Amino acid sequence: MASFSVSSPSTIIDARAPPSRQPSASASSPSCISLPTLPPPPIQSQNRAAKATAYCRKIVRNVVTRATTEVGEAPATTTTTDADTTELPEIVKTAQQAWEKVEDKYAISSLALAGAVALWGSTGMISAIDKLPLIPGVFELVGIGYTGWFTYKNLIFKPDREALFQKVKNTYKDILGSS
C-alpha cells in the first residue's frame, strides 16, 4: 500500500515511488509530483455586471436612422421599434380582445392561478400513484373497460350516436351561449 503525504497545496509526495535519477536528488528522498494551481474564483460583482450588460444588449432593439434632404440641413432622427413592425398572430389579438371584455380580471386571474396549482398538484399525485406496484395496472384495466362500455353504449348504434352528438352540441351552446 502506498503512503501519500501533502507538504503544500500543490505538491503530493509518494514515499514508495522510485527515486529520481537527477544528480541533485538524493537516493533516499521521496518523489515529488507537482500539480497545477487553480485559477482564482471569479469576482461576483464583475460577473453580475457582465450578465447585466449582456441582458441589456439583448433587450435593446431600437434602430436609429438619419435622413437628410439637403446638404446644409440638420439630420432628422426617427426611432423604430420591433413592436411597431411586427404583426401579432390572430389568436393573440383574439385573446387580447377577450381579456379587454372581462369585467372581473382579478377573479379570472385567481381562477387561472388556482387551475395551474391544481394541475401541478394532480401531476404530482398521479406520479406518486404510478409508483405503487399494483395500482397502475388496475387503472389501465378500468380505463380499457370504461372505453369499451362507452363505445358500446354511445358510438356503435346510429340512434345512440346521434343522441350523443346532440347532447354535445347542447352542452356547447350552454357553455358559450347561443350565438
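1. Within the chain, strand 1 (residues 4-8) has the lowest confidence, with a mean of 50, while helix 5 has the highest, at 94. Please keep in mind that this is a predicted model. The average pLDDT over the chain is 75, and 56% of the residues score at least 70. Where pLDDT is low, the predicted coordinates should not be read in detail. I would therefore leave the coordinates of such stretches out of any detailed reading.

2. Now the overall layout. The chain contains six helices and five strands. Followed along the sequence, these elements run in the order β-β-β-α-β-β-α-α-α-α-α.

3. Two totals describe the chain as a whole. It has 179 residues, of which 3% count as buried. Taking contacts between residues at least 6 apart in sequence, 4% join residues at least 24 apart.

4. How do helix 5 and helix 6 sit relative to each other, and at what angle do their axes cross? Helix 5 covers residues 135-155 and helix 6 covers residues 158-176; their axes come within 6 Å and cross at roughly 95 degrees. An angle of 65 to 115 degrees counts as roughly perpendicular, so helix 5 and helix 6 are roughly perpendicular to each other. On the helix 5 side, the contact is made by Phe150, Lys153, Asn154 and Leu155; helix 6 contributes Asp160, Arg161 and Leu164. By type, the residues of this contact comprise three nonpolar, one polar and three charged.

5. Is Asn154 buried or exposed? Its relative accessible area is 16%, and the cut-off for buried is under 20%, so Asn154 is buried. Setting aside neighbours within four places in sequence, Asn154 is in contact with Asp160, Arg161 and Leu164.

6. Finally, a word on helix 6 itself. Its 19 residues reach 27 Å from the first C-alpha to the last, close to the 27 Å expected at 1.5 Å a residue. What follows helix 6? The next residue is Gly177, with a positive phi near 90 degrees.

Notes. Residues numbered from 1 in each chain as written. Predicted model: local features only at pLDDT ≥ 70, side-chain atom pairs only at ≥ 80, totals over all residues. Heavy atoms only, no water. Axes fitted to C-alpha atoms, helices over the stretch in contact; angles between N-to-C directions. Helix = DSSP H or I, 4+ residues; strand = E, 2+ residues; numbered from the N terminus. Parallel < 35°, antiparallel > 145°, perpendicular 65-115°, else oblique. Contact = heavy atoms within 4.5 Å. Nonpolar A, V, L, I, M, F, W, Y, C, P; charged D, E, K, R; others polar. Buried < 20%, exposed > 50% of the residue type's maximum accessible area, 1.4 Å probe, protein only. pLDDT = per-residue confidence, 0-100. Expected span 1.5 Å × (residues − 1).
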